[in-house]
Amino acid sequence: MANIAVQIVTYNSANFIKACLDSVILQSYPVEKIIVIDNNSNDSIKDIVSHYSNVYFVQNSVNNGFVGGHNQALNYTNTDYVLVLNPDVILDKYYIEFIMEYMQQNENVGATTGKLYRDLDKHIIDSTGINIKKNRRAIDRGSGEVDNRQYDSSINVFGVSGAAAVYRREMIHMISFEEQFFDESFFAYKEDVDVSWRARLAGWEICLVPKAIAEHERGWKDNQSRKNISLKTRKHSYINRHYYVIKNDNLLYFLLHFPFIFIYEVSCLVYMFLKEPKLFSAYKLLFKEYKALKIKRKFIQSYRKAPFKKNYQYFKGIW
């Protein structure tokens with residue numbers, strides 16, 4: 001039987017972590033190790049997790065972000081598969097079992113997700129994978145829709161949300177750069193898009209397993225004011241799209257889709273000018289990371305197996 005570890009990165013997640021951990025412990029499929037990496041929270045997270053004797057807890061003295069925390073957690077295990085899980089996700093009892101069954105039957109699949117609900121009682125979907133538009137904007141597939149069984153087929157998707165993604169260790173090793181699976185220049189947000197794109201370039205398939213379900217209580221809610229989100233996080237949420245384009249995009253397809261990219265980019269700049277001028281400082285991050293991103297791009301191209309045409313079939317829609 002293939003083994004799997006579950007890793008969770010927390011930051012002031014005391015309100016969510018108990019329900020999350022309970023759902024992991026109750027999984028029908030055995031979990032070899034559960035790891036919680038805390039990014040220097042100032043809440044009661046340590047006290048809560050200490051009640052779980054079977055959870056390995058690491059408390060960082062600084063906030064390494066979602067990306068740094070999960071890279072750190074990967075070093076504590078060597079299982080065949082890894083479930084990267086948000087602390088605000090509650091898994092159905094059979095979530096891991098259904099996904100493991102699918103991935104072991106399909107050896108070309110490097111990453112999967114189940115059907116994530118925003119509100120399970122009302123059947124409001126949160127994500128059934130990641131779609132990407134021609135303007136390079138990535139969105140959660142089915143987000144906000146009422147589930148009428150329209151996403152009940154196991155299907156290839158462009159990518160999977162890092163909220164509850166299962167990754168094959170073989171794939172993790174293949175696409176990691178300088179021992180980083182998640183690119184730590186991202187800090188938080190859209191690192192799952194980058195990983196998905198890199199995996200697809202390497203020839204791996206990425207799939208939805210709809211029988212596996214979970215509920216995701218998002219930390220950044222639609223009705224939450226952006227002013228309550230740190231400027232650092234908002235900057236990364238914006239500029240990280242540029243990061244994954246520089247690293248993974250193909251020049252020919254970039255030029256073919258350039259009108260859509262240009263219109264979206266201008267719209268973002270107008271919004272920033274009118275609503276959030278401080279976000280312009282995000283470009284300093286891009287200038288700082290540009291040379292490193294180009295080096296990473298060269299590495300990605302060195303292992304590329306998939307034809308560009310195959311990957312760009314997933315780039316649909318213009319907004």
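A residue counts as buried when its relative accessible area is under 20%. Keep that cut-off in mind on this tour of a predicted model.

Start with helix α1, residues 14–25. Its end C-alpha atoms lie 17 Å apart, which agrees with the 16 Å that twelve residues should span at 1.5 Å a residue. Now show the side chains of A14, I17, C20, L21, S23 and V24, the buried residues of this helix.

Next come the salt bridges, of which the whole structure has 14. Select K115 and D152, whose side chains meet at 2.4 Å, N to O. K115 sits in strand β6 (residues 109–119) and D152 in the loop between β9 (138–140) and β10 (155–156), 37 residues apart. K115 is buried, at 3% relative accessible area, whereas D152 is partly exposed, at 29%.

Move to D183 and K247, a salt bridge of 2.9 Å, N to O. This pair joins the loop between α5 (169–175) and α6 (191–201) to helix α7 (residues 231–248), across 64 residues. K247 has a relative accessibility of 2%, so it counts as buried; D183, at 4%, is buried too.

E276 is in the loop between α9 (258–275) and α10 (282–302), 42 residues from R234. Both residues are buried.

Finally, select D183, D194, R198, K247 and K296 together: salt bridges with shared partners join them into one network.

Note on methods
Residues are numbered from 1 along each chain as its sequence is written. This is a predicted model: local features need pLDDT of at least 70, side-chain atom pairs count only at pLDDT 80 or more; totals for chains, interfaces and linings use all residues. Side-chain values use heavy atoms; hydrogens and water are left out. Helices (H or I, at least four residues) and strands (E, at least two) are DSSP runs, numbered from the N terminus. The expected span of a helix is 1.5 Å times one less than its number of residues. Buried means under 20% relative accessible area, exposed over 50%, partly exposed in between (1.4 Å probe, protein chains only). A salt bridge is a side-chain nitrogen of Lys or Arg within 4 Å of a carboxyl oxygen of Asp or Glu.
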